[in-house]
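Dear colleague,

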Amino acid sequence: MNFTTPNPNFSDTFDVSISREQLGSVVLQMCLFCLIAVIGFVANVLVLMAASQLRKHRTHRNTRSTYYIINLAIADLAIILLALPTEMVKHFTSWPFGEFSCKFLYPLRDVFVFVAIMTVTGLSIERYWVITGPFKTKPNPKHARVIIVSIWVVGYLLAGLPMVFVMKLISESPDGRIIMCDPSWGSYTEEKVHVLLSIACIILPACVITFCYIRIAKSLQRLQARRTSFVSGEAEGKPTSSVISLVEQSKKVAKMLVIIVLAFCCCVLPFTTFAVAAQFGELQGDNFLIYALLISLFFAHSAVNPIILIIMSKEYRLEVVRIVRALRDVCWKAEAVRTYFTHLNLRNDYRQHRKESENRAQLVEAPVAEGEQQRSTEL
């Protein structure tokens, strides 16, 4: 699969006669990439730190979701650290990392995108399994770990390994100075099949997620109706605490996941549609500005996911606040230590300078004293 490197027919950015529109789009794309990289890196690191702390104090039911959240944060962080730099470097220089990285490391960016998509899908299925089947066998943390490992393995087999055979260093200039890492397809049909498979890897998970949330919404309505009937006295017995807890928790988790899925679709689908249109020749003319905005929006989902999680999850939000305060205290203590040692060094320098000044004064006074003693002896 090739999620992040569609090949619209754009002119060479290294051309001397680069247009003002193309130059402006490159500058805009670099500014947006830098903003996404900073926000995404900080937010995903905070989510990883918060999740690792919460996982130590959670029940098995909550630990499953924590594993998926950690995996999603790792995939998003990998996209920011690998996919963004490799996407930016092609605007300024030839591929600087050699043929090995072109064949084996460059395709990993597609693996990370696939893992992010399938992690959200797996989390949706896990919520569907728990909410719609309250009396069936529940998934446990071991199931979550097995699914996550399977996602990475399948992701590499589907999105990474096939690209190893087509990624090559290709000369983009007549003199051979500009070398780019791009896929080299054996035929036009092979390229189109690959594009269609990439689209399927986005559309099919979207359909699965939609199905899960429709069933989740219906199940929550039944649970809410059951709880209401208990409260109004229309049903016999009393609502169990597990039913009430399941309704409340499921509502919060489902709402958060729906927003994550909607944000993911809003970020990914516009660029995917644009790339498909460019691939099949439906776009006419130069679309540098549109490409810069849509590719930036595509990568922005790696920064949006942790922000949504921090805003909508109270426990993650409180844990992030605690971590930020702890880091602030550490910084203040480090600054206090630096200030102390700075003052100590200044004090020692002052003492050393004063001692040297006194030594120089004694050396100056010594010959005068000897001369006066010699004159008194002669007299």
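Predicted model: local features only at pLDDT ≥ 70, side-chain atom pairs only at ≥ 80, totals over all residues.

Residues are numbered from 1 along each chain as its sequence is written, and side-chain values use heavy atoms, with hydrogens and water left out.

To begin with the overall picture, the protein chain has nine helices and two strands, where helices (H or I, at least four residues) and strands (E, at least two) are DSSP runs numbered from the N terminus. Read from the N terminus, the order of these elements is α-α-α-α-α-β-β-α-α-α-α. The chain has 379 residues, of which 41% count as buried; here buried means under 20% relative accessible area, exposed means over 50%, and partly exposed lies in between, with a 1.4 Å probe and protein chains only. Among contacts in the protein chain with a separation of 6 or more, 80% are between residues 24 or more positions apart, a contact being heavy atoms within 4.5 Å. The protein chain exposes about 21,400 Å², and 65% of this is supplied by carbon and sulfur atoms; accessible areas come from the Shrake-Rupley method with a 1.4 Å probe, and for residues only the protein chains shown count as cover.

Turning to charged pairs, the structure holds two salt bridges, each defined as a side-chain nitrogen of Lys or Arg within 4 Å of a carboxyl oxygen of Asp or Glu. In one of them, the side chains of Glu87 and Arg109 meet at 2.9 Å, N to O. Glu87 belongs to helix α2 (residues 60-89) and Arg109 to helix α4 (residues 108-132), so this pair ties together parts that are 22 residues apart in sequence. Glu87 is buried, at a relative accessible area of 1%, and Arg109 is buried too, at 0%.

The salt bridge between Glu319 and Arg322 has its closest N and O atoms 2.7 Å apart. Because these residues are three apart in helix α9 (residues 314-378), about one helical turn separates Glu319 from Arg322. Glu319 counts as buried at 12% relative accessibility, whereas Arg322 is partly exposed at 42%.

Patches are made of residues with over 30% relative accessible area and no salt bridge, like charges being joined within 9 Å and nonpolar side chains (Val, Leu, Ile, Met, Phe, Trp, Tyr) within 5 Å. Helix α1 gives the largest share of the nonpolar patch, five residues. Val38 lies in helix α1 and counts as exposed, at 54% relative accessibility.

There is also a surface patch of positive charge, in which Arg55, Lys56, Lys142 and Arg145 gather; Lys and Arg count as positive and Asp and Glu as negative, with His and the chain ends not counted, and the place of a charge is taken as NZ of Lys, CZ of Arg, CG of Asp or CD of Glu. Lys142 sits in helix α5 (residues 141-164) and is exposed, at 56% relative accessibility.

Finally, Ser302 in helix α8 (residues 288-312) counts as buried, at 0% relative accessibility. Apart from its neighbours within four places in sequence, Ser302 is in contact with Asn44, Asp76, Ile79 and Ile80.

With kind regards
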